[in-house]
Structure formats: structure tokens, C-alpha cells
Amino acid sequence: MQYLGHLPESDPLFSYLKNEIFPQINCDCRDGIRVFRTNGSNAVYIYEERTACNKVVGKFFYSERQRDKAAALRRLEREYRNTMEFRSYLDGFHYAARVLGCKPELDCLLVVEYCYGEPLDDIILRSINNNDPQLLYNKLKALAWFLANLHNRSARPAEKVRFSAVCHYFELVVNGLQGVISPGDDSLMRSLCRQWHDQPFMWEDCEVLVHGDATPSNFFFGDDMHVITFDLERVQRTDRIFDVGRIAAELQHFFMRTTGNKYAAEPFIGHFLWEYSCHFPDREQTFKSISRRIPFYMGVNLLRIARNSYLDYEYRQKLISEAGECLRSRQS
């Protein structure tokens, strides 16, 4: 986080935070409010009242990156609705940051509570650097329970997965790689996607509510099995493996980039899938079904990671190559 100074009392945001937001967490802001900018790509800030150092998170949808006010308002409303629905499916042990307020007049502002915990990306790196695999095994077990709980509680058996929508997302990801992906690989990826599209087992599961952006930075961990999540703008109904496959691909990416060994993540991915499967009546059948579908979702997510321009060109090519390996492992 980058410290930006104090929020001026003359700013309309100060009045809103002081009178409508901080009282919800029993703070009066009598000594002022500090402002911090987060490291993410969105216009997200941390506001801290100075007395007890309690914090809230403010996300502005109308910003330098999004100058369409109507589109910004739709995104604000979508994340608000998503958060309300997402939280309705969680039990008392799992948690998603609650909304404290919305203010369209203040650049389409959404304010949510600040959550404490260790992010999964830090846990992965700590596990690797300290040679402590059990740490990561334990937290992946907790995350598997969190996701299975969400997916199973929100499942609608009568509504089958619309895999064509997932294939459309695949096309958007590949489009975002222009300038990085070769024409040959571009054509290959699209051809492999069409082959997956024609597999009946990709359409057979029912739709569930998914996080939609299940990256390691969006999950915090507390003691034992406690998991906290936030950033719910991309919540949607689709295949449960949309979340599961993203976590698996992120694990492969972290281990590939940190250790240089593309196989190092496999025990952790297998453990995560096995723990997820234990929350179903037939664990072995669930594991088999997931294992059948996950290569596609790992492939598309490795391609999604390869879009990040902060990664060096050679490594991005490696991600594209690994995505191709996943997509070619289609099972009939």
C-alpha cells in the first residue's frame, strides 16, 4: 500500500465515511482519516480512522480507467448484488467481506469492510521458500471446503452448464494475447477449444454460483480452516470448475515461476482436487469428473495469466506452451 496522506474534511467523501460508514464499525473519526492506495490495477483505496486504526475499503468504478459513467454504475450495482447473493450461501465459518455502503454520486463508490488474514499468494511463496509443503496442503484443504460449500449450496440441478459461454470467454482471453501469441498457436488454441466444445461431458454438470476471479490474492486465511474472500464483481453462474481450474492453474504458475519446475505443483493440485471431491456423496466419481474437465479450465487460465505484461516475454511463451499441453490432454 502507498500512503497518500489525510482525507480533507472539506471532501464530500470525508463526510460520507465519517457519518455513514465508520459508525457501522463503531468509529467516530474524531482524529481524521488516513488514505492509502492499494497495489491493484483498479481504483481501490484503504481508509483508516486514526484513533483505533480501523479500516474500510473503497472501490471507485468511475475512474481514469473507466470514464463511461453508465458502465461504471452497472459495475457498481453488479458487485453489490453479487456480494449480497454470494454471502447468502456461506455458512458461519466461511466469510465474504460485507458491503458497508454504495454512493453513486462519489464516482460510483462501493465501500466494504477491511478483512484481515494472510493471502494465498503469500502462503504459496512461504511454503515454497521455507520448504514447508504441509502449510500449503492445509490451506488448500480449507479453500477446497470453502469452494465446495459455496458451489453445493448454490447448485441448481435443473440448469445445466452453458459451456458455450465459457468458450466465448476462452475466445476473449486468446484475443487479449495478440502481439504475444504466434499465429500458429492462436489457431491451435481456437481449434482445441472447439474440440472441447464438442465433448458432451463439458455440458453435463449443473450450474453453480462461482467466485469468478478465484486468484490467490482474493483469498485470505485465518486460523485453522477459516477462509475470507472479497472482490466479487465477477461472480456468475457457470461450471464449478471455473473456480477450481483457476486455482489449479495459479498453483502451476506460482511453482513454475518460483522453482522453474513445471511438475512441482502437481502434488498440491491433486491434493486440492481430492479435498474438494470429499464434499460430495461419491468422492471418487467426483474426482474423476473434475479430472476430466479441469485440463480445459487450466489451459484457459494459463493463457489468462500469460496476458500480464509484467511477465517477461520468454515466460509468457512458456505459459502459452503449457496451456497447449493442458488443452491437448482432452479425454473422450
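Visitor: How many bridges join E6 to E7, and which way do they run?
Guide: E6 and E7 are joined by four bridges and run antiparallel. Helices (H or I, at least four residues) and strands (E, at least two) are DSSP runs numbered from the N terminus, and two strands pair if DSSP finds at least two bridges between them. Before going on, please note that this is a predicted model, where local features need pLDDT of at least 70 and side-chain atom pairs count only at pLDDT 80 or more, while totals for chains, interfaces and linings use all residues. Residues are numbered from 1 along each chain as its sequence is written, and side-chain values use heavy atoms, with hydrogens and water left out.

Visitor: Okay, and what lies between E6 and E7?
Guide: The two strands form a hairpin with five residues between them, and Asp107 in the turn has a positive phi of about 55 degrees. Across the pair, Lys103 stands opposite Leu109 in E7.

Visitor: Which sheet do they belong to, and in what order do its strands come?
Guide: They belong to an open sheet of six strands in the order E1-E2-E3-E4-E7-E6, with antiparallel pairing. Strand E1 (2–6) and strand E6 (99–103) stand at the edges with a single partner strand each, so one side of each is left without a neighbour in the sheet. From one strand to the next, the twist averages 25 degrees; for such angles, axes are lines fitted to C-alpha atoms, for helices over the stretch in contact, and the angles run from 0 to 180 degrees between N-to-C directions.

Visitor: What about the other pairs, starting at the E1 end?
Guide: E1 and E2 are antiparallel over four bridges, with Gln2 having Arg37 in E2 as its bridge partner. E2 is joined to E3 by five bridges, again antiparallel, and Arg34 has Glu48 in E3 as its bridge partner. Strand E3 (residues 43–49) then pairs with strand E4 (residues 55–60) in the antiparallel sense over six bridges, where Tyr47 stands opposite Val56 in E4.

Visitor: Which helix lies across E6?
Guide: That is helix H1 (residues 12–21), which lies across strand E2 (33–37), E3, E4, E6 and strand E7 (109–113) and runs at about 140 degrees to E6. Contact here means heavy atoms within 4.5 Å.

Visitor: Switching topic, how many aromatic pairs are there?
Guide: The count comes to 21 aromatic pairs, where rings of Phe, Tyr and Trp (its six-membered ring) pair if their centres lie within 6.5 Å, and planes under 30 degrees apart count as stacked, over 60 as edge-to-face and the rest as tilted. One of them is the edge-to-face pair of Tyr45 and Phe60, at 5.9 Å centre to centre and with 75 degrees between the planes. Tyr45 lies in strand E3 and Phe60 in strand E4, so the pair ties together parts that are 15 residues apart in sequence.

Visitor: And what is the order of the open sheet of four strands?
Guide: Its order is E5-E12-E11-E8, with mixed pairing. Strand E5 (95–96) and strand E8 (118–119) are at the edges, each with a single partner strand, so one side of each has no neighbour in the sheet. E5 pairs with strand E12 (residues 227–229) in the parallel sense over two bridges, and the bridge partner of Ala96 in E12 is Thr229. Helix H4 (residues 133–154) lies across E5, strand E11 (219–221) and E12, at about 125 degrees to E11.

Visitor: How do H4 and H7 pack?
Guide: H4 and helix H7 (residues 241–259) pack at an angle of about 160 degrees, with their axes 11 Å apart. That makes H4 roughly antiparallel to H7; angles under 35 degrees count as roughly parallel, over 145 as roughly antiparallel, 65 to 115 as roughly perpendicular and the rest as oblique.

Visitor: Which residues make that contact?
Guide: On H4 they are Leu136, Leu140, Leu143, Leu147 and His151, and on H7 they are Asp243, Val244, Ile247, Leu251 and Phe255.

Visitor: At what angle do H7 and H10 cross?
Guide: The axes of H7 and helix H10 (residues 313–328) cross at roughly 135 degrees and come within 12 Å, which makes H7 oblique to H10.
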